[in-house]
Amino acid sequence: MSTQTAARESRLPGGAILMRLGHAGISLFLLLVFTWCIVRLTGDPVNFLVPPEASLEQKEAARQRLGLDEPLPMQFLHYLGGVLHGDLGISFRRASLNTPVTSAILDRLPATLYMGFWALVMMLVIGVPLGIYSAYWRGGLFDQGARLLAALGQAVPDFWFGLMLILVFSISFNLLPAGGAGSFENVILPAATLAFSLIAGLIRLLRSSMIEVLGSEYVSLLRIKGVSEWSILWKHALRNAALTTLTYMGMMVASLLTGSVLVETIFNWPGIGRLFVEAVSFRDFPLIQGLILVFGAVYIGMNLIVDVLYLVLNPRLR
Amino acid sequence: MARERFDSFGPDKAQRTPGLLQRRLARMPALAGTARRRRLSIATVFVLAAATLAACAPGDDSPSGDDKGGETTLTADWAYLGTMDWSPAGSASDNEKVLSLVSGALVGIDHDSRDLVGELAESFDLSPDGKTWTFKLRPDVPFEDGYGTVTSDDVKYNWGEYISKESEHGAADQLAQAVDGNMDNFEIVSDLEFKLHTEHPITTLPAVLCSCANGMAILSKKYADEHTAAEVKNLPVGTGPWQMVSSKVGVNVVMKAFPDYWGDPKPAFDNLVLNEVPDSAARLVQVQSGEADMAELSPSLVTEAKASNLEVLTVPDVGNAFVILGGSYWDADCCKLDADAPWIQADDPAKGQLIREAMSEAIDRELILDKIMKGNGKLVYGPLLEYDANPLLHEDGWDPPQFDLADAKKKLAEGGYPNGFPVKVFIYDIGETDVAGISEAIAGMWEDLGLQVQRQTADEDILDAKTDAAETDGLAWVKMAGFSAEPALELGRYLESRGDDFKFLYPAMEQGYTDMVNEPDRTKRFAYARQVIQALAEKTIVIPLFTVDMAFVAGPRVGSWDPTPGLNAFSGFETVTPAS
């Protein structure tokens, strides 16, 4: 292979990436339009923001303050103009404190990232070895145990698992706090709950990929060469098996952020999942729209990253 | 075995090809260097990511739920803590329930007799012509942080804020009426006395100002003058048992005991942390695990709480639940009576009443109270205003309707509908009272009666839209009226003359309300209220169910608690004593 050819192959195709970026932008715009329309079908948010005994005048004043008295097309154009300038509007619930949606989200995002990080660590530390050795000792007791765990993880709802963890670790043995934030102890149970179903998915996918890879000829060749089993599993086979799980990992990382709604509610964790529940409860339109935009951006962003990583890892796709 | 299968590919060490191994070993130093650098890079990225994420750890700006550093902290979980705008004008909805812990009010309620008594006001009197209220303030009641003592100036400042254009307070209209909408009619007689002049008497004013109704908060004018609007919104300064330390929307409110609180008892805990926990099951497990000391409790979780050896406490009489039959706009100008409805039958009203009685007798109230409300309530004779704990709102001989399905079926036939008729039951959720469960139970009981029930499950504001437009024909729904220290305040929400939300209308209510608001004598006002109750009950204009108590759960650190009766929120944290 000539040097020029090698250099060409090592470069990433800018056109393909630009096209994917364009797709991502269009997806986000469609998501924005869809969300804006759909939240307005849920009813009048003013009823949730003023006291039940408020007069019609008070309700109308609140409507004016929130800009809900304008015709819908104008409301949309204002919103779109704001979004293009990075302004997602003012949270209805926080209107009197003049808190922008971006501030409300940024205020809570770190807590969700923190929990997501530890869930990711748990997922990788537990899921990867289980997936690898489940494939390696296929059919054995270890494999059966790992498969049982995977089946449970995928079958058991997050909220139920979370409540069980609280029951055992907080109420029965008083080992860990049942909720709240403030110390590392607080994050263990919610992160474990969040990680449980993801671990299950990772085990299943990695196991099947590893079984396929371990049966391939190049692994036989590595063994013939005398490469150690540890090295075969963790360096050579995992690298190839990981390619298949990459898409899933991307979605998993995204769901660590977006799938935290129930977990944060159960554990009273002050992240964006609970913020979303709060926004829906109060029909806080700008906040709902902002959060869905963030969730959408995370998913689309992760897809984009996975696409690019595919191109990096597999030159045949370029 | 799979292990054996994979191992079978592996050659013995002796069979390895020396040439290949040597070539690999020869490349090792260079490879090792690259790998080391790569590992180092990965480790660096990981450490940086971990450090960044560690910085994301949500900080704990609240005192611990455990007692540390010699300070004691009481932690309570609420469903929602409001918008956390603590300025008087922004004090709306859930805000006022929290603000009342900090602010103090002019009027309070006697927990036993349910009479209105002075709090910050020592006395309040209405002139014989009903046009002037005179309030005398309690002397030497200190504001927090050294902002002086409560004076008439402070009250005037708050009054002005509450009736301002920006005000979202539910009682803004009544407070404005008390001064004819003009603060010039607020006359300061002295530091400790003020008069309110109006051409439109408002006899129920003390109840509007009562802490039992999250009445007007009295905050420091001096503090407001010396601070920005944003500071006033964030850190209110009042005279209550607790001082605001911090609040974070959707998360928590942190308070500390005000050592110079004028009232009695003074807080037994040093700190108070209120957490916003919307999910009822999550609130319960927080108390079960000791993370929280107290929490609002959904009736559906009462059994579980008791099984955990936790104490279930109740605030009695927070509401009166009843069933409204749609289109019941009797003799109203604004709205059309559904004359052909089976429960009205305008051409033969006696038959309409038989149908209403049949629908009432088909409801097994005791079963609902036992199974759904878990005993948190009492059967009543009349709807809307009756609370048998208050002797002024109950009469001997008022017996609740009895469940009698056979008689109900008989009345249904006599009313002209032996095979039943279609009725749409609206099922919705409000707060922690299981209105949806009650509605579902009633729907089932009416099916047993022979009615063709269609259930419509939706948010309350869908129902609000229907009542705003007075389009409720064919519909039936459960309504919970709130407790008010003055029945006229609650009744005022059901009137044609005052309403923009038409649930049901009946002439005796309009008449009773007019009588009440024009009557300076409280005993006579309550007599009018009893007349309204009786008129509604005798004709079964709506179907009475029961009064509702609000349930709370308390952990082992809580000894006793004396909340404000009738207030559907946490209150009286200063009365919470630590368990011995």
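In chain B, four strands form an open antiparallel sheet in the order E4-E5-E7-E6. Strand E4 (121–126) and strand E6 (186–190) of chain B are the edges; each has a single partner strand, so one side of each is left without a neighbour in the sheet. From one strand to the next the twist averages 20 degrees. Strands here (E, at least two residues) and helices (H or I, at least four) are DSSP runs, numbered from the N terminus, and two strands pair if DSSP finds at least two bridges between them.

This is a predicted model, in which local features need pLDDT of at least 70 and side-chain atom pairs count only at pLDDT 80 or more, while totals for chains, interfaces and linings use all residues. Residues are numbered from 1 along each chain as its sequence is written, chains are lettered from A and ligands numbered from 1 in the order in which they are written, and side-chain values use heavy atoms, with hydrogens and water left out.

Phe124(B) stands opposite Phe135(B) in E5(B). Glu187(B) has Lys195(B) in E7(B) as its bridge partner.

Helix H4 (residues 152–162) of chain B lies across strand E5 (132–137), E6 and E7 of chain B, at about 170 degrees to E6(B). Such angles run from 0 to 180 degrees between N-to-C directions, with axes fitted to C-alpha atoms, for helices over the stretch in contact; contact means heavy atoms within 4.5 Å.

Chain B as a whole has 18 helices and 17 strands. Of its 580 residues, 54% are buried, that is, under 20% relative accessible area, with exposed set at over 50% and partly exposed in between (1.4 Å probe, protein chains only). Among contacts in chain B with a separation of 6 or more, 69% are between residues 24 or more positions apart.

Aromatic rings are the next topic. Rings of Phe, Tyr and Trp (its six-membered ring) pair if their centres lie within 6.5 Å; planes under 30 degrees apart count as stacked, over 60 as edge-to-face and the rest as tilted. By this rule there are 35 aromatic pairs over all chains. Trp118(A) and Phe184(A) have ring centres 5.1 Å apart and planes at 70 degrees, so the pair is edge-to-face. Trp118(A) is in helix H6 (residues 101–136) of chain A and Phe184(A) in helix H9 (residues 184–214) of chain A, 66 residues apart. Trp118(A) is partly exposed, at 27% relative accessible area, and Phe184(A) is partly exposed at 43%.

In chain B, the ring centres of Tyr387(B) and Phe483(B) are 5.3 Å apart and the planes are at 85 degrees, so this pair is edge-to-face. Tyr387(B) lies in the loop between strand E13 (377–379) and helix H13 (405–414) of chain B, and Phe483(B) in the loop between strand E16 (475–482) and helix H16 (487–491) of chain B, so the pair ties together parts 96 residues apart in sequence. Tyr387(B) is buried at 2% relative accessibility, and Phe483(B) is buried at 11%.
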